[in-house]
Amino acid sequence: MRKIFGLFILATIVSCSPQEKEKIIYRNSNDLVTTPEVHSEVTGEFGALTVREGEFVGDTKIVPWSSWWFPTKDRYMFESSNITQLAPLQKYDLFVKKTHDVETNAALYEENEIYDPSEVNWAGLCHAWAVASVLHKEPKSSITRKDITFTVADQKALLLKSYENVSDLQIYGRRYNGSFNDDYNDIYPDQFHRFVQVYLFERHLPFLMDYDPSFPVWTVPAYNVKFKIVKDGENSAHVKAWITLASSFVDSPNFVGTKKTTKYYEYKLKGTWEGGELRVSSSEWMNDAVYDHPDFLIGYPTKVKRASLNKGLDIAMINEIVGEDYVKAE
């Protein structure tokens with residue numbers, strides 16, 4: 001759910017160097033192959049994956065909050081359907097005028113330069129929400145600034161706009177664009193499993209992921225997982241994984257709290273069993289997960305740079321309205 005030009009951030013960060021060459025890999029249950037090196041960023045950075053039999057639960061104290069994703073094809077940001085109520089960016093412009101006697105045109109810029117009624121349905125600010133929801137405490141009630149009432153929806157809209165052009169994300173996996181050399185299996189399950197080990201078991205931090213392996217991008221925060229691992233051969237293990245996510249499919253832009261959803265994945269890990277541990281070298285999505293698995297993963301965004309595509313917005317002004325109440329990761 002993000003504006004197409006916003007996707008260039010991802011493309012830049014994870015693009016291959018000229019010497020890297022990828023091939024589409026077709027696999028089935030009788031043809032396990034080693035995860036291609038070009039798709040092994042996780043184990044390359046954090047070390048090889050090893051697993052044991054059993055049930056394991058990983059989580060974090062940081063529970064992300066839910067928000068509407070503010071679709072790019074909607075006029076919500078700059079035009080209110082209620083003649084007695086200003087839109088979020090109209091309130092922003094009024095606030096800056098009253099507070100600093102400065103004319104801003106955030107609402108007009110949004111309408112003329114960013115709003116696109118022909119945009120795909122999934123384009124919007126879910127990537128910005130996913131980042132903001134694990135870094136900021138949730139706006140839970142209306143606030144008044146200079147006699148202007150900012151609802152929960154107004155505050156979340158402004159906060160998300162401040163992250164819509166976020167940079168310096170740590171991204172693992174290649175976005176599937178539908179190109180000839182795209183690998184639909186990526187991100188591979190061994191990379192997914194090792195990544196979850198690092199964030200939810202070792203660091204106890206939430207992470208972000210695009211849960212749609214096809215062209216659309218649906219970025220969500222993940223904060224809990226349950227693994228059930230069973231040895232199913234001399235060189236393999238069968239894994240069932242339940243991962244808990246916050247959802248942006250809320251009933252109202254003023255929604256407060258966390259709407260939970262769970263994704264279920266099955267996959268096979270293959271390698272060498274030694275002393276009760278499987279050292280993994282191959283992996284394969286199984287059953288429904290062949291077609292429904294994460295596309296790419298994003299580490300907890302501790303050092304990201306906030307920015308908006310709307311040139312009429314200033315992050316400092318948004319902070320004056322919403323505050324800088326960050327969640328402190330321990």
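This is a predicted model: local features need pLDDT of at least 70, side-chain atom pairs count only at pLDDT 80 or more; totals for chains, interfaces and linings use all residues.
Arg174 sits in the loop between strand 5 (171–172) and helix 7 (189–202), and Glu41 belongs to helix 2 (residues 41–46), so the pair ties together parts that are 133 residues apart in sequence. Arg174 counts as buried because its relative accessibility is 12%, under the 20% cut-off. Glu41 is partly exposed, at 21%.

A second bridge links Lys91 to Asp154, with 2.5 Å between the closest N and O atoms. Lys91 lies in helix 3 and Asp154 in helix 6, so this pair ties together parts that are 63 residues apart in sequence. Both Lys91 and Asp154 are buried.

Now turn to the two helices themselves. The axes of helix 3 (residues 88–100) and helix 6 (residues 152–161) come within 9 Å and cross at roughly 80 degrees. Helix 3 is therefore roughly perpendicular to helix 6. Pro88, Leu89, Lys91 and Tyr92 of helix 3 meet Asp154, Ala157 and Leu158 of helix 6. By class, this contact has five nonpolar residues, two charged and no polar ones.

Another bridge pairs Lys305 with Asp168, the closest N and O atoms being 3.8 Å apart. Lys305 is in the loop between strand 11 (296–298) and helix 8 (315–322), and Asp168 is in the loop between helix 6 and strand 5, so the pair ties together parts that are 137 residues apart in sequence. Asp168 is partly exposed, with a relative accessible area of 43%.

Salt bridges with shared partners also join Arg75, Glu79 and Glu111 into one network. The whole structure holds 15 salt bridges.

Notes: Residues are numbered from 1 along each chain as its sequence is written. Side-chain values use heavy atoms; hydrogens and water are left out. Axes are lines fitted to C-alpha atoms, for helices over the stretch in contact, and angles run from 0 to 180 degrees between N-to-C directions. Helices (H or I, at least four residues) and strands (E, at least two) are DSSP runs, numbered from the N terminus. Angles under 35 degrees count as roughly parallel, over 145 as roughly antiparallel, 65 to 115 as roughly perpendicular and the rest as oblique. Contact means heavy atoms within 4.5 Å. Ala, Val, Leu, Ile, Met, Phe, Trp, Tyr, Cys and Pro count as nonpolar, Asp, Glu, Lys and Arg as charged, and the others, Gly among them, as polar. A salt bridge is a side-chain nitrogen of Lys or Arg within 4 Å of a carboxyl oxygen of Asp or Glu. Buried means under 20% relative accessible area, exposed over 50%, partly exposed in between (1.4 Å probe, protein chains only).
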